[in-house]
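Open the model in your viewer and keep the selection panel at hand. The tour goes from one selection to the next.

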Amino acid sequence: MEPLMEQIQKDTGLPIRRYEVWYNEENLRLLQKLDKGGSCGGVPFFYNKKTRSWICGATTYPNLKAWAIGKPHERFLPPPKDDSEYIQGFRGWFDKIRDEGIKRMQQRTEQTKND
């Protein structure tokens, strides 16, 4: 979300403040106060204090921009999943495990030859 937030700040000139809530109890209390009734219950949580509107979770650029400038927006609108990105991440993970397995097999083979 950081790249989208930075782009919106650049495009609109509006600041988007960030509050760390994991290690800062005061910021956590602020989040709980703004997220009335725990409707979102997580982060990222975007709150516009001028319009008192909010967005829960990752979202699209147009939706976040509409929120920032006070236009109608969706509170829950996750960005579309890019299957190619998901598959590429899975392939990278699989390749890493495969390479580690090959490395261990080679080590065992060399160890057996030396014994």
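Start at the largest pocket: select Ile16, Arg17, Tyr19, Tyr47 and Trp67, which lie nearest its centre among 28 lining residues. A pocket here is an open set of points on a 1 Å grid over the protein atoms alone, where a 1.4 Å probe fits, with protein on both sides within 12 Å along at least five of seven lines; lining residues have an atom within 4 Å of a point. The space in this pocket is about 910 Å³, a volume filled by probe spheres set on the points.

This is a predicted model: local features need pLDDT of at least 70, side-chain atom pairs count only at pLDDT 80 or more, and totals for chains, interfaces and linings use all residues. Residues are numbered from 1 along each chain as its sequence is written, and side-chain values use heavy atoms, with hydrogens and water left out.

Colour the lining by type. It splits into 18 nonpolar, 4 polar and 6 charged residues. Asp, Glu, Lys and Arg count as charged. H1, helix H2 (25-34), S1 and H3 each supply at least two lining residues. Helices (H or I, at least four residues) and strands (E, at least two) are DSSP runs.

Next, select Met5, Ile8, Ile16, Phe46, Ile55, Leu64, Trp67 and Ala68. These 8 residues are the largest nonpolar core: buried residues of the nonpolar kinds joined through side-chain atoms within 4.5 Å. Buried means under 20% relative accessible area, exposed over 50%, and partly exposed in between (1.4 Å probe, protein chains only). Helix H1 (2-12) and helix H3 (61-68) each supply at least two of the core residues. H3 gives the most, with 3.

Centre on Leu64. Leaving aside residues up to four places away in sequence, Leu64 touches Met1, Leu4, Met5, Ile8, Phe46, Ile55 and Thr59; contact means heavy atoms within 4.5 Å.

Now show strands S1 (residues 45-48) and S2. They pair in the antiparallel sense over 4 bridges; pairing needs at least two DSSP bridges. Phe45 stands opposite Cys56. The two strands form a hairpin with 4 residues between them, and Arg52 in the turn has a positive phi of about 60 degrees.

Which residues of S2 are buried on each side? Ser53 and Ile55 are buried on one side, Trp54 and Cys56 on the other.

Finish at Gly41, in the loop between H2 and S1. Gly41 is exposed, with a relative accessible area of 66%. Its C-alpha atom is 17 Å from that of Arg18, 23 residues away along the chain.
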